[in-house]
Every structure is written in C-alpha cells, then in structure tokens.
Amino acid sequence: MIKTHEHKGWERYEAIKFLEDIEPIAAECGLHIGMCGSVLHKGHSSDDLDLVVFPLKTGKGYDFRQFQDMPPI
C-alpha cells in the first residue's frame, strides 16, 4: 500500500520517490504518470504535486472513465 503524503508541500526529490512508487501500479493499468507544475519547474511547491496520467501506448485511445470512482491514493 502506498503511504500518503503527510505534510503540506512537496520537494522534487520527494515527488520523484512518490512517482517511482506509483509508476509500477500505473503501468499495470497500461498508464504512465508524469510530473508537471512548480515541483518540476521550481523544485518545490508549498501546496500540491501536479501529475498527468497518460496511456503507455499511443494511437489506441484509452477510456479513463474506469477510474472516475477510484478512491484517492
């Protein structure tokens, strides 16, 4: 089970570790996780971690509606 982020704010090294933890789970679902926003560009954020989710394979489309009722990590 993934431990949730317990304090406010993110540093780049924390975000990378988090991504390393969740990427294998995403890959099992046929997805990749990417980082964007201030953690990527500035190295830190006092508020949140911006992530994007996209399919491993391009050109096939993907129905993300299957995740709409997924509980938060």
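Trp10 is buried, at a relative accessible area of 10%, where buried denotes under 20% relative accessible area, exposed over 50% and partly exposed in between (1.4 Å probe, protein chains only). The residue lies in strand β1, which spans residues 10–11; strands (E, at least two residues) and helices (H or I, at least four) are DSSP runs numbered from the N terminus. The model is predicted, so local features require pLDDT of at least 70 and side-chain atom pairs count only at pLDDT 80 or more, whereas totals for chains, interfaces and linings use all residues. Residues are numbered from 1 along each chain as its sequence is written, and side-chain values use heavy atoms, with hydrogens and water left out.

Trp10 also takes part in an aromatic pair. Rings of Phe, Tyr and Trp (its six-membered ring) are paired if their centres lie within 6.5 Å; planes under 30 degrees apart are stacked, those over 60 edge-to-face, and the rest tilted. By this rule there is one aromatic pair. The ring centres of Trp10 and Phe18 are 5.5 Å apart and the planes meet at 55 degrees, so the pair is tilted. Phe18 is likewise counted as buried, at 15% relative accessibility.

In soluble globular proteins, nonpolar side chains tend to be buried together.

Neighbours within four places in sequence aside, Leu49 is in contact (heavy atoms within 4.5 Å) with Trp10, Ala15, Phe18, Met35 and Val39.

Trp10 is also among the contacts of Ser45, together with Gly9, Ser38 and Val39, again leaving aside neighbours within four places in sequence. Ser45 is found in strand β3 (residues 44–45) and counts as buried at 10% relative accessibility. Its side chain reaches the backbone nitrogen of Asp47 at 3.1 Å.

The cysteines remain. Cys29 is partly exposed, with a relative accessible area of 33%, and Cys36 is partly exposed at 27%. With a disulfide defined as a pair of cysteine sulfur atoms within 2.5 Å, the count is zero.

Methods
A polar contact is a pair of N or O atoms within 3.5 Å; within protein, one must be able to donate a hydrogen and the other to accept it, and residues adjacent in sequence count only if both atoms are side-chain atoms.
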